[in-house]
Amino acid sequence: MRVVLDINILVSAAITSKPGQQGRDILDQAEESYILLLSDFMLWKLERVLHYNHIQSKYTHLTESAIQGFLTEVTKMADIVTERTVITEAEGSRDAEDNHILAAAVDGRADYLVTRNIAHFPPTFRSVTIIEPADFLQLLRDVASQEHSDSDDTP
C-alpha cells in the first residue's frame with residue numbers, strides 16, 4: 001500500500017513521541033504496513049510549518065536539532081516522489097499547496113492520502129482515496145487482522 005500523509009499528520013507526529021496519538025501511530029507503522037511517499041515540496045512545507053511561531057511557542061521541545069532529526073527520520077523511511085503532475089484549482093483543491101500534496105499522491109501512485117483536512121480535498125482524486133486518520137488506522141488494523149487470519153490458515 002502506497003500512502004501520502006498530509007502535512008497536518010506529519011506535524012502531529014513531530015510534536016509527540018507518545019503512542020496513542022494518531023499522527024505518531026500512523027507514522028510509526030510506515031515501512032512495516034505501508035510505503036510512505038513524500039515530495040521535496042512536502043519536506044520543505046513540513047520544515048516551514050514546524051518553524052511557525054505558534055508551533056514553536058507551544059511545543060518548546062521542537063528545537064532546531066529535533067526538527068532536523070524528525071525530517072531525517074521521515075526522509076529515511078519514505079520514497080521521495082518527483083512531482084510532475086500539475087493540478088489546478090478547478091480539478092483539485094482551492095488551496096495551491098494542497099494541490100502539491102495531490103500531485104505527490106498521483107505521481108507516487110498512492111492508494112491513499114491521509115489528512116485531517118477532508119474538506120480541502122475531493123473524496124477521491126484520480127486513483128487516490130482521501131481518508132481521515134482514524135479511518136486509515138482502522139484500515140491498517142483490518143489489513144493486519146486479515147494477514148494474521150490468513151497466516152493462521154496456512155498448514
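The views below come from a predicted model, in which local features need pLDDT of at least 70 and side-chain atom pairs count only at pLDDT 80 or more, while totals for chains, interfaces and linings use all residues. Residues are numbered from 1 along each chain as its sequence is written, and side-chain values use heavy atoms, with hydrogens and water left out.

View 1. Strands (E, at least two residues) and helices (H or I, at least four) are DSSP runs, numbered from the N terminus. S1 also pairs with S2 in the parallel sense, over 3 bridges. Val 3 stands opposite Leu 36 in S2, and its bridge partner in S4 is Tyr 112.

**View 2. Helix H5 and its buried face.** The 14 residues of helix H5 (residues 64–77) should span 20 Å at 1.5 Å a residue, and the end C-alpha atoms are 20 Å apart, which agrees; the expected span is 1.5 Å times one less than the number of residues. Ile 67, Phe 70, Leu 71, Val 74 and Met 77 of H5 are buried. Seen down the axis of H5, these buried residues fall within an arc of 140°, so they line one face of the helix, the arc being that of the directions from the helix axis to the C-beta atoms. An α-helix has 3.6 residues a turn, so residues three or four places apart point the same way. The face of H5 turned away from its buried side carries the exposed residues Ser 65 and Lys 76. Among the elements that cover the buried residues of H5 are helix H1 (7–15), strand S2 (35–39) and strand S3 (78–81), with contact meaning heavy atoms within 4.5 Å.

**View 3. Two arginines with positive phi.** Phi of Arg 109, a residue other than glycine, has a positive value near 55°. Arg 109 lies in the loop between helix H6 (96–107) and strand S4 (112–114), and Arg 109 is exposed, with a relative accessible area of 58%. Phi of Arg 126 is likewise positive, near 55°, and Arg 126 is placed in the loop between strand S5 (124–125) and strand S6 (128–131).

Definitions and conventions. Buried means under 20% relative accessible area, exposed over 50%, partly exposed in between (1.4 Å probe, protein chains only). Two strands pair if DSSP finds at least two bridges between them.
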